[in-house]
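Trainee: I am new to this structure. Please take one part and look at it closely, then show me what surrounds it.

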Amino acid sequence: MAGRIPEEFINEVRNSVNIVDVISQYVSLEKKGKDYIGLCPFHQEKTPSFTVNEEKQFFKCFGCGKGGNVFKFLMFKDNLTFPESVEQIAEFAHIPMPSGYGSGPVQALSPLLKLHQEAADFYHRVLITTKAGERGMQYARQRDLSDEILDHFKIGYAPKQDNLLLTYLRGKDYSDDDLAKSGLFVQSQDGRLFDRFRDRLMFPLGDESGRVIGFSGRRISEDKTEAKYMNSPETEIFTKSKALFHFAEAKKAARTEGHLVLYEGYMDVISAYKAGVHSGIASMGTSLTDQQVYMLKRISRNIIINYDGDDPGVHAEERATNLFEKAGGFNLGIVVLPEKLDPDEYIKKYGAEKYLDEIRGALSPTDFLLQRLAQKYNLKNDRDRITYLNEAVKEIARLINPVEQDLYLDKLAKQQGVSKDSLKVNLMRERRRQNRAARNKGQDGYNNLPSDPGAPIPEIADNQNDNFDWTQTRLLYLFIKSEKARDYILEQKYLFPDPSYAQLAELWLNYIETHEDHSTKSFLDFIPEQLQGIIVNAEMIDMPDSFSEREIDELIGSLHKRKIDLQLNELQNKIQDAARRNDTQEILEITQQIIQLKRTKG
């Protein structure tokens with residue numbers, strides 16, 4: 001980026017966006033009072049401690065301690081520099097960068113990310129515009145992939161010819177070291193590099209921000225000796241357990257569709273997209289992980305699982321359901337397609353509208369698990385039927401909501417021709433058993449049940465209060481917010497005892513002298529990073545603006561006494577050391593200092 005971005009432009013960009021709108025692209029936020037809360041995107045937590053204050057335009061996680069303004073959020077989330085974050089927010093606000101500024105999205109990337117973007121553009125260009133890509137295009141058309149779909153998913157083609165990508169990227173001056181690290185090439189024993197993907201339709205895999213971090217290649221040839229699907233190996237930027245296909249686009253669609261739909265593979269996501277489901281994601285053929293569940297939870301609590309309808313697919317749905325239930329706080333739906341069809345096959349056979357009906361009619365987790373349970377037994381045999389009923393009641397007993405329990409007991413009684421009252425007796429017996437088992441583990445009986453997301457309790461990390469001093473923070477808050485308070489503090493010739501607070505006070509004085517319009521959200525961009533947390537804490541604690549001179553006197557007095565206490569502790573250590581050395585003269589001198597300090601303290 002050429003030179004420094006003009007400060008007036010930075011202020012314009014900051015004031016043109018609402019921090020809630022920006023962060024909502026990464027976190028599902030829920031309004032609680034005047035703040036918005038959600039699950040932190042910077043560390044994994046069970047209950048929300050990430051808070052956004054719309055009025056002050058600040059965010060703060062009370063778990064990991066990260067906080068700041070809208071620019072700082074992107075710097076943390078996407079590993080951007082300050083100028084890059086300004087540029088990205090400007091793009092979000094549709095404000096063009098000033099003449100001579102602006103790096104474009106690719107230059108802001110690390111070498112590996114930039115290399116992957118170049119590779120994605122190369123594969124896509126080969127497919128769309130070259131003769132070498134005709135074979136790939138023919139296959140794409142056979143799979144009913146339109147130009148719109150090819151463009152939206154940035155699908156490309158890796159030609160059969162040797163080392164075309166390698167030659168292209170070397171021509172872009174990438175080092176062999178970066179090429180080897182990228183995972184796009186295989187390396188022979190003598191160190192030579194070769195294109196990993198050849199004669200494959202290429203599907204870019206993106207991170208949460210849509211930046212390309214890897215690829216999946218679908219075999220075009222009929223050669224069964226080659227793997228049907230080939231994924232990039234794990235690299236510095238690509239970890240399978242933390243990646244979801246189409247996630248960056250799907251989370252935008254989730255805001256309008258109201259949910260995310262989880263599939264097994266990318267072709268299902270693409271088929272569903274053509275049918276009108278734009279919020280589809282996939283875990284790339286690997287088992288769903290805790291990290292991926294947490295990624296989804298940050299974006300939406302409403303998740304629909306639609307894996308293949310065959311036995312392995314339904315079994316994988318059951319595993320995924322248990323994973324979501326264990327995490328808690330989800331409104332889950334499960335789609336089991338008839339005739340053991342996968343989503344792609346179902347849409348081709350029955351059409352988009354029928355498929356959308358299946359999505360709208362998704363089963364609840366309990367309905368799904370009871371159906372799965374029933375398939376394990378011969379319900380025409382009384383012994384199997386009794387076993388099924390007992391197991392079904394155990395499943396219903398796990399529900400915390402009495403209305404849900406009553407609903408499923410009623411269904412079960414009608415389906416199996418037994419009385420609801422008899423099932424209730426079994427339910428109460430099972431609940432008592434579960435509670436006893438929980439107590440034996442030293443837990444409340446309800447702790448093992450799915451959590452109620454309605455009343456989250458923030459998780460407070462031990463490091464939250466690092467470098468946090470309430471008294472100095474309150475005094476600094478008044479120093480910044482009120483000219484009257486500032487003048488009074490300056491009249492006392494008071495200096496903050498902590499160098500960080502003293503430096504912030506000095507920086508604020510310089511800032512208001514050089515800025516006609518001043519606010520803490522803009523001040524944050526012009527102070528050292530190590531001091532920003534103090535300002536964010538002061539803003540997010542919701543301190544009152546009203547004050548009295550008496551309050552300031554008490555704050556200063558408290559800090560003065562604290563300083564004396566620190567000096568007294570230090571002198572006590574010294575006097576003990578002198579006693580060990582039998583230094584009577586030093587003991588006497590230190591004792592006099594202690595007496596003087598105690599008199600000063602009063």
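Mentor: Start with helices α21 and α25, which are roughly perpendicular to each other. This is a predicted model. The two helices pack at an angle of about 85°. Angles from 65 to 115 degrees count as roughly perpendicular, so that is the word for this pair. Their axes are 10 Å apart. Helix α21 covers residues 470-481, and α25 covers residues 529-540.

Now look at the residues that meet. From α21 come T473, L476, Y477, I480 and K481. From α25 come I534, I535, A538 and E539.

The protein is divided into six stretches: domain 1 (7-93), domain 2 (111-238), domain 3 (247-363), domain 4 (371-442), domain 5 (470-547) and domain 6 (559-601). The centres of domain 4 and domain 5 are separated by 61 Å, taken over C-alpha atoms.

Step back for the whole protein. It has 27 helices and 15 strands. Its C-alpha atoms fill a box of roughly 95 × 75 × 55 Å along the principal axes. Of its 602 residues, 48% count as buried. Take the contacts with a separation of 6 or more: 63% of them link residues 24 or more positions apart.

Then turn to the largest nonpolar core. It has 59 residues. Those with the most contacts inside it are Y123, L145, I155, F215, F245, Y263 and Y355. Helix α6 (residues 111-129) gives the largest share, 8 residues. Domain 2 and domain 3 both contribute residues, so this core lies between them. In soluble globular proteins, nonpolar side chains tend to be buried together.

Pick out L145. Leaving aside residues up to four places away in sequence, L145 touches A140, L150, I155, L201, M267 and I270. One of these, I155, is also among the residues with the most contacts in the core.

Last, follow the strands. An open sheet of 4 strands has the order β6-β9-β10-β11, and its pairing is antiparallel. Strands β6 (156-158) and β11 (229-231) stand at the edges. Each has a single partner strand, so one side of each is left without a neighbour in the sheet. From one strand to the next, the twist averages 35°. Strand β10 (residues 212-219) is joined to β11 by 3 bridges. Opposite Y229 in β11 stands R218.

Definitions and conventions
Residues numbered from 1 in each chain as written. Predicted model: local features only at pLDDT ≥ 70, side-chain atom pairs only at ≥ 80, totals over all residues. Heavy atoms only, no water. Pairing = 2+ DSSP bridges. Axes fitted to C-alpha atoms, helices over the stretch in contact; angles between N-to-C directions. Core = buried A, V, L, I, M, F, W, Y, C linked by side-chain atoms within 4.5 Å. Buried < 20%, exposed > 50% of the residue type's maximum accessible area, 1.4 Å probe, protein only. Domains from an automatic or database assignment. Contact = heavy atoms within 4.5 Å. Parallel < 35°, antiparallel > 145°, perpendicular 65-115°, else oblique.
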